[in-house]
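Please view the sequence and model first.

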Amino acid sequence: MLKDISSIFKAHLVPKEVYKGGKNIPPTDKKIYKLSSNENPLGASPKAVAAMKIAADTIDIYPDQTDIRLREALAKDFDGQLSADQFLCGNSGSEVIDMLLRAFINEGDEVIFSNPCFLPYSVFSRWYGAKQVDIPLLSPNYDLDVEGILNAINEKTKVIFLTSPNNPTGTYIPKPVMDDFISRVPKNIIVIFDEVYRHFADAEDYVTALPYVLEGHNVIGLNSFSKTYGLAGQRIGYGYTTPTIANYVRLIHKPFLLPLTSIEAAIGALNDTEFIQKTVETVLDGRAFISRAFDELGIKYWPSQANFFIIDPPLPEMEFTDKMMNEGIMVRPVSQFGAPGKVRITIGNPEANGALVKALTKLMDTYSTNR
């Protein structure tokens, strides 16, 4: 007879670290700018909202049994370079990660990632009993340690996570580096290439997963509707890969997985090219504005290809976060992401960016006076 129900718990599920999302704006009459969760600075796609409102009239019935309509819309969005059967959809990019790990990981397998990075890579892989192998990004620029990753591969390695642009650093993997890596990684390993922030990358040598998928490599491009399209509250994401991999993973795709409002919102958002363009322009303009302010204020930061910056604050991260909150600016300490002492700041709309610079200027003036 069991004395304690915990004796039948799976050991690898006992929490060592738990992913905690960004906080919401607390109840207050004070104006607060939420620059902590990398949300869209313009809100949601108007076409997505309109589509959701129409769908709301029929939420009493089951949604589509499969994600085929959204996959067909995604194929069109990729200009027909991929077929509908090469896409996988889920309730957020995070769920797509979970789905992929569930499909490929057995207890005792190994998963490689590179901190600082998105915490679910390690947390989710632990759920399935995988060993997490961290090959940290190289200092001081957070470059990918290609040789370190390749040297860490063994017969138990099943999945490698790459991220470009990377969360929380905003850095990216140049195409020559990616080309070299893909040419050398064993063919029996899945490479999950997280490109959630791809729309904001404007470096000449930036590359997505697309060319490697088209060449038939075992690469999966991971995407989300939470950033560029402004649908964070709808929790919808997708991946694309080879037909062989996609059709295999789809075997564990639950029926009626996607809510009707999410399907319609995502299809509407894909068609909202004007909103997408305006979002990207707003982020790129804000990125230039904030980086100039960092330079003028003497704040250490890393050049970003995403819709946020990581900085080395002039105060301990939690003290800095609290002081910024007192000025009405929510920012995100990212020790949990493997970047101890650093803080992530989302690029907002012009008003929010102006408020951010004003708060930083005040803080830096006070800091300089008190030194």
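Angles between axes under 35 degrees count as roughly parallel, over 145 as roughly antiparallel, 65 to 115 as roughly perpendicular and the rest as oblique. Axes are lines fitted to C-alpha atoms, for helices over the stretch in contact, and angles run from 0 to 180 degrees between N-to-C directions.

## Basis of the model

This is a predicted model, in which local features need pLDDT of at least 70, side-chain atom pairs count only at pLDDT 80 or more, and totals for chains, interfaces and linings use all residues. Residues are numbered from 1 along each chain as its sequence is written, and side-chain values use heavy atoms, with hydrogens and water left out.

Helices (H or I, at least four residues) and strands (E, at least two) are DSSP runs, numbered from the N terminus.

## Helix 9 and its partners

Two packed helices are described by the angle between their axes and the distance between the axes. Helix 2 (residues 68–77) and helix 9 (residues 260–270) have axes that come within 10 Å and cross at roughly 15°. Helix 2 and helix 9 are therefore roughly parallel to each other. The crossing of helix 2 past helix 9 is left-handed. A crossing is left-handed if the near helix is turned anticlockwise from the far one by less than a right angle, and right-handed if clockwise. On helix 2, the contact uses R69, L70, A73, L74 and D77. On helix 9, it uses L260, I263, E264, A266, I267 and L270. Contact means heavy atoms within 4.5 Å. By class, this contact of helix 2 with helix 9 has eight nonpolar, no polar and three charged residues. Here Ala, Val, Leu, Ile, Met, Phe, Trp, Tyr, Cys and Pro count as nonpolar, Asp, Glu, Lys and Arg as charged, and the others, Gly among them, as polar.

Helix 1 (residues 46–55) also packs on helix 9: the axes come within 7 Å and cross at roughly 150°. That makes helix 1 roughly antiparallel to helix 9. The crossing of helix 1 past helix 9 is right-handed. K47, A48, A51, M52 and A55 of helix 1 meet L260, T261, E264, A265, G268 and A269 of helix 9. The contact of helix 1 with helix 9 has seven nonpolar, two polar and two charged residues.

## Helix 3 against helix 4

The axes of helix 3 (residues 93–104) and helix 4 (residues 120–127) come within 10 Å, crossing at roughly 40°. Helix 3 passes helix 4 with right-handed geometry. From helix 3 come S94, I97, D98 and L101; from helix 4 come Y121, F124, S125 and W127. Five nonpolar, two polar and one charged residue make up the contact of helix 3 with helix 4.

## Aromatic rings

The structure holds 18 aromatic pairs. The ring centres of F225 and Y229 lie 4.8 Å apart with planes at 40°, so the pair is tilted. Rings of Phe, Tyr and Trp (its six-membered ring) pair if their centres lie within 6.5 Å; planes under 30 degrees apart count as stacked, over 60 as edge-to-face and the rest as tilted.

F225 and Y229 are both buried. Buried means under 20% relative accessible area, exposed over 50%, partly exposed in between (1.4 Å probe, protein chains only). One aromatic cluster is formed by F78, F87, F225, Y229, Y238 and Y240.

## Backbone geometry

Two cis peptide bonds deserve a look. The bond from S139 to P140 is cis, with omega near 5°. P140 sits in the loop between strand 4 (131–134) and helix 5 (146–152). N167 and P168 are also joined by a cis peptide bond, with omega about 25°. P168 lies in the loop between strand 5 and helix 6 (175–184).

Positive phi comes next. D79, a residue other than glycine, has phi near 55°. D79 is in the loop between helix 2 and strand 2 (87–90). Its relative accessible area is 67%, so D79 is exposed. Y142 has phi near 60°, again a positive value in a residue other than glycine. Y142 belongs to the loop between strand 4 and helix 5. With 13% relative accessibility, Y142 counts as buried.

## K158 in strand 5

K158 is found in strand 5 (residues 157–163). K158 is partly exposed, at a relative accessible area of 26%. Leaving aside neighbours within four places in sequence, K158 is in contact with F104, I105, D109, E110, I189 and I190. K158 and Y62 are 96 residues apart in sequence and 36 Å apart in space, C-alpha to C-alpha.
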